[in-house]
Amino acid sequence: MLIIRYLLGAFLPLHLIATRLPSLWKGPDFQADFSLVTFTLQKMGAMFIPYYITLGVSGLYHMTYGLLQSSDRLIDTKIARKSTE
């Protein structure tokens, strides 16, 4: 789990730069949509394919872990608790 935190910590600044910098260069009228994702995959796929895979897997893990933890706390299930039996 610690490696996931380090990966997210490393990719967060890169993600912010990749998503916010184009609008700073082009101005406030610049529309950031999925065409930017297409552009990055077409022009710099070797760099962005591992980035998008890591981002997706990290997000999926974060969502799953959060749902299990919240179900334990909100509706008192025992899904995420370790069993010692």
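Which helix does Phe11 lie in? Select α1, residues 2–26: Phe11 lies there. Helices here are DSSP runs (H or I, at least four residues), numbered from the N terminus.

Before moving on, note that this is a predicted model, where local features need pLDDT of at least 70, side-chain atom pairs count only at pLDDT 80 or more, and totals for chains, interfaces and linings use all residues. Residues are numbered from 1 along each chain as its sequence is written, and side-chain values use heavy atoms, with hydrogens and water left out.

Phe11 touches both, not counting residues up to four places away in sequence. Contact means heavy atoms within 4.5 Å. Now draw a C-alpha distance from Phe11 to Thr54: 8.9 Å, for residues 43 apart along the chain.

**α2 against α3**

Select α2 (residues 35–43) and α3 (residues 45–74). They pack at about 125°, axes 6 Å apart. That makes α2 oblique to α3 (under 35 degrees is roughly parallel, over 145 roughly antiparallel, 65 to 115 roughly perpendicular, the rest oblique). Axes are lines fitted to C-alpha atoms over the stretch in contact, and angles run from 0 to 180 degrees between N-to-C directions.

Show the side of α2 first: Val37, Thr40, Leu41 and Lys43.

**The surface patch**

Finish with Leu41, Ile49, Ile53 and Val57. Together they form a nonpolar surface patch with about 350 Å² of accessible area. α3 gives the largest share, three residues. Val57 lies in α3.

Terms used. Helix = DSSP H or I, 4+ residues; strand = E, 2+ residues; numbered from the N terminus. Patch = residues over 30% accessible without salt bridge, like charges linked within 9 Å, V, L, I, M, F, W, Y side chains within 5 Å. Areas by Shrake-Rupley, 256 points an atom, 1.4 Å probe, with all protein chains shown as cover. Salt bridge = Lys/Arg side-chain N within 4 Å of Asp/Glu carboxyl O.
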